[in-house]
Amino acid sequence: MFFYPRPRVDIAEVPALSHAGAVLLTDTIHATGLASSLREALAPWTKPLAEHHAAKVLLDLALTLAIGGEHASDTDLLRCEPGLFGDVASAPTISRTLTTLAQDAPTVIEAISKARRAAREQAWALAGDHSPTVGASVKSPLVIDLDATLITAHSEKEQAAPTFKRGFGYHPLCAFLDHGSDGTGEPLAIQLRPGNAGSNTAADHIPVPRDALAQLPAGLLARGGRGSKKILIRTDGAGGTKDFLAWLQRQRLAYSVGFTLPANTPDLLERIDEAKAWTPAYDSEDEGIREGTWVAELTGLLDLAAWPAGMRVIVRKERPHPGAQLRITDHEGMRITAFATNSPRGQLAVLELRHRRRARCEDRIRNAKDMGLEKFPLQSFAQNQIWCQIIQLASELVAWMQTIAFSRHDARKWEPKRLRARLFEIPATLVRRARHKVLHLAEHAPEAVRVLTGVNRLRTTVAQT
């Protein structure tokens with residue numbers, strides 16, 4: 001007895017497509033104008049009679065990462081479907097293109113960044129009321145999360161180095177725009193660094209938010225590209241340095257940054273206990289009371305003369321989860337953490353909840369690793385810098401597609417693995433009818449209507465602008 005049918009298996013020429021749902025991504029490229037922006041930006045690095053434009057090569061690589069590929073050789077997933085993805089360059093041509101771009105990496109990265117910014121502005125305009133910038137204010141700022149991650153290199157790569165966790169590879173620093181609880185997020189900047197790059201290095205932390213700010217529409221920035229209190233920079237204790245916070249203050253940016261408490265913290269906590277100054281913290285889901293967690297302000301008990309003016313320090317104590325080991329910084333069985341912010345107003349519990357939500361950045365990094373950040377397949381450091389740009393293109397295409405096409409559906413929050421299984425890998429056939437190509441999505445596919453609705457929304461939205 002067999003649980004499943006056992007049909008006869010052979011190979012035949014059929015009009016079937018394996019990644020038909022990726023039409024959502026190709027339509028996003030059209031809707032945002034990314035293809036034309038990138039084509040113009042990379043024209044200097046494309047020979048006049050070249051069969052494959054450098055912009056098309058990078059977009060093909062980005063699409064490959066978005067649908068689950070890991071290497072440049074995985075572009076054969078696109079190459080076998082010319083009716084959907086057009087002409088795709090061969091692996092040797094892709095390699096030569098990346099080599100050419102890497103020879104002038106800083107200028108190429110700047111050109112790609114400008115094209116990404118133009119496409120982002122168009123994507124957010126198409127999103128309308130669902131754009132992440134809608135409602136941005138001092139009270140409810142646009143949040144940019146900074147975080148670093150370790151990437152293991154399994155072979156010798158240029159500038160790969162031992163890491164502080166006894167591994168070997170790279171230590172990139174990333175900036176992600178947080179879409180909040182209604183969406184995922186999108187990368188604004190990824191700075192590739194050797195594995196031995198420091199965690200608390202202000203010289204590295206400053207360029208990343210600067211590049212991230214350059215990706216935002218001009219309307220959110222002050223004159224000269226400076227930030228505003230409508231933008232919040234959020235990071236962990238690695239960014240809690242005097243130089244970095246001073247730079248954020250000069251840029252007039254709001255910040256919420258992890259803070260390392262001094263050695264006399266137990267004495268300070270006892271003074272807070274005596275004053276009964278603890279306030280219950282909020283839960284991250286419904287902003288109700290979080291059991292076993294309290295917050296208090298520590299600013300007046302600390303010597304902050306060397307820190308930027310207006311900085312506040314808020315401390316949080318929580319009962320550790322069952323089985324969690326206490327750390328040296330914990331006090332009387334309670335887990336103690338703190339963060340610094342220059343927000344002058346707001347309930348302590350609200351500010352602490354806002355800071356705690358930076359944990360979403362870990363989800364963004366995990367998703368980016370699922371779209372190419374997990375491995376750096378190229379040899380030179382400059383080539384892998386270009387690879388970081390391709391990763392950002394892939395992640396942004398997915399985020400923009402979700403924001404425009406699925407603004408009112410849970411699919412806006414789906415992660416790459418689920419998007420591939422439910423949307424991108426939907427079966428279909430491609431036929432010609434009256435001089436037009438028609439993509440017939442399989443009616444029996446669970447998300448066929450969802451894909452069709454998303455495509456129609458992308459095309460209708462563009463037609464209305």
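Predicted model: local features only at pLDDT ≥ 70, side-chain atom pairs only at ≥ 80, totals over all residues.
Nine strands make up an open sheet with mixed pairing, running β7-β6-β2-β8-β9-β13-β12-β11-β10. The edge positions go to β7 (185-191) and β10 (279-282); each has a single partner strand, so one side of each has no neighbour in the sheet. On average, neighbouring strands here are turned by 25 degrees against each other, direction ignored. Inside the sheet, β9 (residues 254-258) and β13 (residues 335-341) run antiparallel and are joined by three bridges. Ser256 has Thr341 of β13 as its bridge partner. Helix α7 packs on this sheet, where it touches β6 (173-178) and β7, and its direction makes about 165 degrees with that of β7.

As for α7 itself, the helix covers residues 105-127, and its length checks out: 23 residues at 1.5 Å a residue should span 33 Å, and the end C-alpha atoms sit 32 Å apart, which agrees.

Two bridges tie β1 to β14 (residues 428-433), and Leu17 has Ala428 as its bridge partner in β14.

On to the packing. In soluble globular proteins, nonpolar side chains tend to be buried together. The largest nonpolar core in this model counts 129 residues, and Leu58, Ile144, Leu216, Phe259 and Val315 have the most contacts inside it. Helix α14 (residues 381-405) supplies the largest share of this core, 14 residues. Apart from it lies another core, of six residues, including Ala281, Val295, Ile314 and Leu348.

Finally, the cysteines. A search of the whole structure turns up zero disulfides. For Cys174, the nearest cysteine sulfur is that of Cys361, 7.2 Å away, and Cys174 is in no disulfide. With a relative accessible area of 0%, Cys174 is buried. Cys388 is in no disulfide either; its nearest cysteine sulfur belongs to Cys174, at 7.7 Å. Cys388 likewise counts as buried, at 0% relative accessibility. Both distances can be set against the cut-off for a disulfide, sulfur atoms within 2.5 Å.

Note on methods
Residues numbered from 1 in each chain as written. Heavy atoms only, no water. Pairing = 2+ DSSP bridges. Helix = DSSP H or I, 4+ residues; strand = E, 2+ residues; numbered from the N terminus. Expected span 1.5 Å × (residues − 1). Core = buried A, V, L, I, M, F, W, Y, C linked by side-chain atoms within 4.5 Å. Buried < 20%, exposed > 50% of the residue type's maximum accessible area, 1.4 Å probe, protein only. Axes fitted to C-alpha atoms, helices over the stretch in contact; angles between N-to-C directions. Contact = heavy atoms within 4.5 Å.
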